[in-house]
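Dear colleague,

I am handing over the structure we spoke about, so that you can look through it yourself. Please keep it open while you read my notes.

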Amino acid sequence: MTYDSFDKALENAVSKFKLCSDKPIRIISHFDSDGISAASILIKALKREDMKFAVSIVRQLSKNVLEELKLEDYSCYVFLDLGSGSLSLIKEFLKDKTIFVLDHHKIEDVKSDVIHINPHLFGIDGTTEISGAGVTYLFAKKLNIKNKDMAHIALVGAIGDVQENKGFFKLNNDILKDAIELNNVEVKQGLRMFGLQTKPLHRVLQYSIDPYIPDVTGSEEGALLFLDKIGIEAKRGNKWKKLVHLDDDEMKKLVTGVILKRLGSEKNPEDVLGPVYTLKNEEMESPTKDAKEFSTLLNSCGRLRKSSVGIGTCLGDENLKHEATKVLNEYKGEIINSLNWFYKNKSKMIEEEGFIIVNAEDKINDTLIGTLASMISRTNLYKEDTVILTMAHTFDNKTKISIRKTGRKNNNLNLLSLLNEIVTKVGGEAGGHSYVAAGALIDQEKEEEFIKVARNLLKNRMMEEKV
Ligand SMILES: [Mn+2]
């Protein structure tokens, strides 16, 4: 029933959309990997129908963005991977327009008369079952069945929103079936590690936090020593070997070696294997070959304000794909710098039981602050369930805030409502996902007040938990 009505709603939306097909379409999408994937899917679909369009990729749907859209004279607007949190605001700025919102974020209000497609409306979990790119994909598929050839991009988007966890669920899994059917994706069991196609093997092991490898995770020396012990050469000739270079025999040695290392200290030592998604039409050792690495590539394009490079990559433009690899490297450099800054200044952070607050001010690019929070949450520096709040200044005198927590335990700590509670007291906008990641924007002058309110609230949470 739920899925049927979701499907019906998509169908209805598509038939309304077809009425707009003679005029140019205005697309607005989110700047993360899911949003860029969503935009790419719709662009491909519109090109196929010979429809005209213009695209903007934005960090969030702020009043400034809507103010600018208001000045344009399109008649049909499509919001992707955002909008569900600001339906009435959209309508307020774009009064007489036809508006489509294809999103999977939490819904703020439903009374507005936009054409709204969101799984949550049908009791389907938009946090785990389908992403913004997924919703856009289902929409595009209804528009023209040929758009099934973009299923793999929808998966790349879902991975970006952390919807893959040793497999895809329900709607995402149906999308995976489409991608496999078209022979665009191949799924194989392999080591659940990041960087199979592009990173040196010892680095992959060194950076593997889940699964955690005792004596190896976090140590380059430990990783090299481990490879030596299990009889795998780290280099082939004078080049570092990658995971994709290993033959079957070496692969077995590696898997057994990792499991043995985990025996005794880890809860499920054999829990190191999982599905690996390989894009069949991409070149070996390219960051677009492995769906997880592809997703990171798109994310870096968005963060460094080069979304068009990411879109071009999704659409298969070889030049832009090449450009995207450069963007990825630049991004990695910035991430390393921000982590280094954090380690150097760690002692100056607010650190109390159950939470830390990191105010980077202008030391870290505000588009990297969420990534920094995620990375801190994945280190072993803090106890399970610690709330990580990071902050940085934006160009326009605002402060961007990100919230994450350590551990993978699903414990009903709603990060979004926690952040909302703080932001409501000081004024500002919050958005994101309830349990995975959320962010907010406040005026810079409210920073001190924000920290004060946050501290009190987080302290209370710890006290309540102890009672
Ligand atoms: Mn999303």
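What follows is what was found in it.

This is a predicted model, in which local features need pLDDT of at least 70 and side-chain atom pairs count only at pLDDT 80 or more, while totals for chains, interfaces and linings use all residues. Residues are numbered from 1 along each chain as its sequence is written, and side-chain values use heavy atoms, with hydrogens and water left out.

The protein chain is assigned domain 1 (2-185), domain 2 (193-271) and domain 3 (349-466), with bounds that come from an automatic or database domain assignment. Between the C-alpha centres of domain 2 and domain 3 there are 33 Å.

A manganese ion is coordinated by D34 (OD), D81 (OD), H104 (NE2) and D161 (OD) at 2.1 to 2.3 Å, where donors are N, O and S atoms within 2.8 Å of the metal (3.2 Å for Na, K and Ca), and sites may look incomplete because water is not among the atoms. Along the chain, these donors follow the spacing D-x46-D-x22-H-x56-D. D34 counts as buried at 0% relative accessibility, and D81 counts as buried at 1%; here buried means under 20% relative accessible area, exposed over 50% and partly exposed in between, with a 1.4 Å probe and protein chains only.

Searching the whole structure gives zero disulfides, a disulfide being a pair of cysteine sulfur atoms within 2.5 Å. C20 is in no disulfide, and its nearest cysteine sulfur, that of C76, is 3.5 Å away. For C301, the closest cysteine sulfur is in C314, and at 8.6 Å it is too far for a bond.

Best wishes
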